[in-house]
Amino acid sequence: MTTLQRKEVNPIAHLSPEDIEQIGRELDAIRDEVLAVRGEKDAKYIRRMIAVQRRLEVGSRAVLLFSVLPPAWILGTIGLSIAKILENMEIGHNILHGQYDFMRDPKIHSTTWEWDFAAPAEQWKHSHNELHHKYTNVVGRDNDLGYGIMRVDEQQKWAPAHLGQPLYNFINACLFEYGIAAYDLELGRNLASKRRRNNPDFRARLRQVGRKIRNQVLKDYVAHPALSVPVGLAFGNPFGAFFGTMAANAVANVVRNLWSHSVIMCGHFPKGVETFERTSITGETRGEWYLRQMLGSANISGSKLMHIMTGNLSHQIEHHLFPDLPASRYAEIAPKVRALFEKYELKYVTGPFVVQVASAWAKVFRLALPNRKPTRAIDHTIPPRHPAEATV
Amino acid sequence: MAVTQKLRDGAWRVVELITTPVVPADYLDVIAPLRNPTVLRARVDAVRSETAKAVTLVLRPGRGWQPHKPGQYVRVGVDVDGVRLWRAYSVSSATGRADGRFTITVNAVENGVVSSYLLNNARKGMLVHLDLPDGDFQLPEKRPAKTLFVTAGSGITPVMGMLRSALHELSDVVVVHSARTAEAVVFGAELRELAAQGRIRLIERHTGTDGRLKPAGLADLVPDLFERETWACGPGDLLDDLQEHWADAGATERLHVERFRTVVLVAGDGGTVTFEKSGLVVESAGGTSILDAGEAAGQLMKSGCRMGICYKCVLPMREGIVRDLRDGTITTASEVDGDKPLIQTCISAAAGPCRLDA
C-alpha cells in the first residue's frame with residue numbers, strides 16, 4: 001500500500017483501494033489507445049528528429065571551423081548547444097527508454113543506442129530505467145531524490161554538510177553529465193571501502209566510464225578544435241582557432257548540462273510533489289504504482305518548442321506513467337491524464353519552467369537548513385484491503 | 001603496404017573519434033542511405049503490376065551488395081506502419097545487369113502483412129533493407145540436358161529468374177505451372193511468348209477449373225518425367241506430394257524444391273519455450289511471463305524492473321509467438337524470415353511454441 005511522507009494533508013485519504021485499481025485500469029485504457037495508433041507517424045517523427053539533429057550538429061561544427069571569427073563562434077556555439085540538447089533529451093533519453101523499440105530498427109533501439117553524454121547508455125539505463133522509474137520518489141530507493149548528495153525531503157536527516165547543498169547543486173548542474181556518470185557508478189558508496197573499490201564488476205564499469213569519457217573529451221576538446229586549426233592558420237591565428245573551438249564545445253556542454261539538470265529538477269523536486277516511505281511499496285499493485293507516479297512527478301507547461309527541447313520531460317507525469325510510449329504522444333494524452341487527476345481529486349502539479357525551477361531551487365535552499373518544526377510522521381496509510389496486509 | 005594500412009587505420013580512428021559516440025556511417029545515412037557500408041539497403045526504382053495480386057519491384061541495391069545466382073532469394077526488410085518486418089522473396093530478374101539492379105516479385109498472400117503492404121504501397125523512391133542473396137535452389141554450373149520446372153502460384157518467381165538468366169544455355173525445357181485462372185498467372189505473357197517461340201514447352205494448369213495438380217497426372221503431361229532434372233516451387237502440400245512421388249520412383253536426387261512459408265502463426269495460450277543456447281525446454285503457461293518460467297526452470301536470465309519498463313530482460317526470439325501480458329499485443333517471429341525481434345521476457349507470455357536465442 002502507498003504510504004506518504006510527512007504531509008499536513010494526505011492527498012489520497014479520500015481514495016479507496018478500489019478507486020486506486022480503477023485509476024490503474026483507466027490509465028491502462030489510455031495506454032492501449034496510444035498503442036493502437038503507434039506506428040508510422042512515430043517512426044517518421046524520430047527519424048526526422050535524428051536527421052534534423054545530425055544536420056544541425058554537422059552544420060554547427062562546420063561553422064565552428066571558423067571559430068576565430070566571433071560571429072561564427074557565437075552562431076556555432078548556439079547551434080551546437082541546441083544539437084546536444086536535442087541529442088540527449090528528445091532522442092537519446094527516449095530511445096534508451098525503449099520508446100522506439102517497436103520499430104525493430106537495430107539502429108534506433110534501446111539495446112544499441114549510445115549517446116553524447118559522459119554516462120554510458122548501459123549504466124544509465126540501469127540506474128534510470130530500472131531503479132528511478134520503478135522506485136520513483138521512494139526515499140532510500142530512488143537515488144534521483146537529491147542524487148545522494150542533497151537533502152530534498154523533510155524526512156531526510158539533516159547534517160551540517162547540507163548547508164552547502166545549494167553550491168553542490170549548482171556545481172552538479174554545470175557538470176551534470178559527469179555527475180550522472182558518477183551517480184550511475186554509485187561512486188560514493190563504491191569508493192568508500194577497499195572491498196567495494198576492488199570489486200571486479202565495479203572496476204569493469206569504472207573502465208567503461210573511463211573509455212566513454214576519454215572519447216567524449218578527445219572529440220570535443222581535441223579532435224574538433226584541431227579541425228579548425230587549418231582555417232585558423234589562414235587567418236594567422238591557429239591557437240585562437242583551436243582554443244576557440246574548444247571553448248565553444250565546453251560552453252555547449254555546460255549549456256546542455258544546465259538545461260537538462262534544470263528540466264530534471266522540475267520533474268520531481270517542485271512544491272506539491274510527494275515522496276514515499278521505503279516500506280510503502282512492498283506488495284504494491286499496478287494501480288498503486290501508477291498512483292505513486294502520478295503523485296511523484298511534476299510537469300512544465302509551455303509551447304511545443306519547450307516540449308521538444310525538454311525531450312517531452314515537460315510531460316514528466318505522462319512519462320512516468322508510460323515511460324515506454326513514444327514521448328511525442330504525451331502531449332496528446334495529457335488532457336485525458338489531467339481529467340483523470342481531476343476526477344479523482346488529485347493534484348496535477350504543473351507550471352511554467354521558471355516557476356518550477358525556482359520552486360525546486362527554493363526546496364534545495366530551504367532544506368539546506370534543519371526543519372523549522374520537528375518532524376512528525378503522520379500515518380497516512382490508506383486502509384488495507386485485507387487485514388493481513390496491515391503488517392506490511 | 002603495412003605503413004599505408006597503418007596510416008589508413010589511424011586516420012579512420014580519428015574520423016571515428018570525430019563522430020563518437022555514433023559511427024561515421026550514421027551521419028552518412030542522413031544524406032546517402034545507400035552508401036552505408038555496414039547496412040545494406042536498396043531503393044525501389046520502379047514498380048510494375050504483374051497481376052491483380054502480384055507486383056514486381058525493381059531494386060537498386062546500395063554498397064555491399066553481391067549479385068545473386070539464378071533461383072536464389074533475398075531477405076527484404078520493409079517498414080510496415082513503422083515496424084520493420086523481414087520476408088524472403090525470390091529474385092525474378094536475370095543475373096548480371098551492369099547497373100546491379102534486380103527485381104523481386106511479390107505475390108500478396110492472404111493475411112500477408114508485408115506482401116499486402118507492398119502490393120498497395122510500394123512506390124518509386126521507397127527505401128527497403130536487404131540481406132545478401134541466399135539459397136541452394138539453383139541451376140548447376142553444368143547445365144542439365146533436359147529440365148522440368150513444376151511451379152504453382154508465386155512459385156514461378158525463382159524459376160522466372162532461372163529462365164531469364166539461363167534459358168539460352170538450356171535446350172529442352174518444360175514448365176508446368178498452376179494458377180487459379182489464366183489471368184492469375186504471374187509472368188503469363190512472357191511465359192506464353194517463350195512457348196510461342198518454341199523455347200520452352202509450357203503447360204498451364206488453371207486450378208479454378210481444372211483442379212489441383214496431382215503428381216500421378218504429371219506423368220501424362222510429361223512422359224519422360226524422371227529423365228529430367230526437376231526444380232519445383234509452390235505450396236507445401238504440392239511439394240510434399242512431388243517429393244513422395246519422386247522418392248517412390250527412386251529419383252529423389254533429381255528433384256530440387258524450394259519451400260515458402262505457408263504456416264501462419266496463430267496465438268494460443270501458453271507453449272513450449274526453448275532456450276536454444278542452454279538447451280533448456282520449459283512448458284510455459286499463458287499467464288506466466290517467459291522470464292518467470294525460465295528462471296523457475298533454472299535458466300540464467302537478465303532482468304530489471306520486471307514490469308516492462310526498463311528493457312533489460314529483452315531476448316531475441318528466433319521463432320515463435322508471444323503475448324504482452326499488459327495489453328495483449330502479439331509478437332511473432334519466423335525462422336524463414338530470419339528476423340529475430342527482441343521480446344521483453346518479463347511481460348511476454350508464450351502464445352505458442354517459442355525458440356529464444358539464449
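A residue is called buried when its relative accessible area is under 20%, exposed when over 50%, and partly exposed in between, using a 1.4 Å probe and protein chains only. By this scale Glu186(A) is partly exposed, with a relative accessible area of 28%. The model discussed here is predicted: local features need pLDDT of at least 70, side-chain atom pairs count only at pLDDT 80 or more, and totals for chains, interfaces and linings use all residues. Residues are numbered from 1 along each chain as its sequence is written, chains are lettered from A and ligands numbered from 1 in the order in which they are written, and side-chain values use heavy atoms, with hydrogens and water left out.

**Confidence**

The predictor gives the complex an ipTM of 0.88 and a pTM of 0.91. In terms of pLDDT, the predictor's confidence in each residue from 0 to 100, chain A averages 91, and 93% of its residues score at least 70. Chain B averages 93, with 99% of its residues at 70 or above. In chain A, residues 378–392 stay under 50 in pLDDT, and the model has 27 contacts for them beyond four places in sequence; a contact means heavy atoms within 4.5 Å. Where pLDDT is low, the predicted coordinates should not be read in detail.

**Annotated regions**

UniProt positions are given in the numbering used here, feature names are shortened, and annotations may be inferred rather than shown by experiment. An unreviewed UniProt entry lists "domain: Fatty acid desaturase" for residues 73–350 of chain A. Helices (H or I, at least four residues) and strands (E, at least two) are DSSP runs, numbered from the N terminus. Residues 73–350 of chain A are 60% helix and 1% strand, and their end C-alpha atoms lie 37 Å apart. For chain B, an unreviewed UniProt entry gives "domain: FAD-binding FR-type" over residues 37–140. That span of chain B is 9% helix and 43% strand, with 31 Å between the end C-alpha atoms.

**Chain B as a whole**

Chain B contains nine helices and 18 strands, and its C-alpha atoms fill a box of roughly 65 × 60 × 40 Å along the principal axes. Of its 358 residues, 49% are buried. Among contacts in chain B between residues at least 6 apart in sequence, 66% join residues at least 24 apart.

**Where the chains meet**

Helix H2 of chain B (residues 24–31) has Pro24(B), Ala25(B), Asp26(B), Tyr27(B) and Asp29(B) buried. These buried residues pack against helix H2 (40–64) of chain A, together with helix H1 (2–19) and strand S1 (41–51) of chain B. Pro21(B) sits in the loop between H1 and H2 of chain B, and the peptide bond from Thr20(B) to Pro21(B) is cis, with omega near 10°. Both Thr20(B) and Pro21(B) are touched by Gln216(A), as are Trp115(A), Asp116(A) and Phe117(A), not counting residues up to four places away in sequence. Gln216(A) itself belongs to helix H9 (residues 200–227) of chain A.

Ile309(B) also touches chain A: leaving aside residues up to four places away in sequence, its partners are His97(A), Asn129(A), His133(A), Lys134(A), Trp289(A) and Pro323(A), along with Gln344(B). Ile309(B) is found in the loop between H9 and S14 of chain B. The C-alpha atoms of Ile309(B) and Leu213(B), 96 residues apart along the chain, are separated by 53 Å.

The following table lists the accessibility of selected residues.

| Residue | Class | Relative accessible area |
|---|---|---|
| Gln216(A) | buried | 5% |
| Ile309(B) | buried | 4% |
| Tyr311(B) | buried | 11% |
| Phe260(B) | partly exposed | 27% |

**Backbone features and a further loop**

Most residues other than glycine have a negative phi, and most peptide bonds are trans. Glu186(A) has a positive phi of about 50° although it is not a glycine; Glu186(A) lies in the loop between helix H6 (176–184) and helix H7 (187–192) of chain A. Tyr311(B), likewise not a glycine, has a positive phi of about 60°. Its place is in the loop between helix H9 (290–296) and strand S14 (314–324) of chain B.

Phe260(B) occupies the loop between strand S11 (255–259) and strand S12 (271–275) of chain B. Not counting residues up to four places away in sequence, Phe260(B) touches Ser90(B), Ser154(B), Gly155(B), Thr157(B), Pro158(B) and Cys233(B). Phe260(B) and Cys233(B) are 27 residues apart in sequence and 8.0 Å apart in space, C-alpha to C-alpha.
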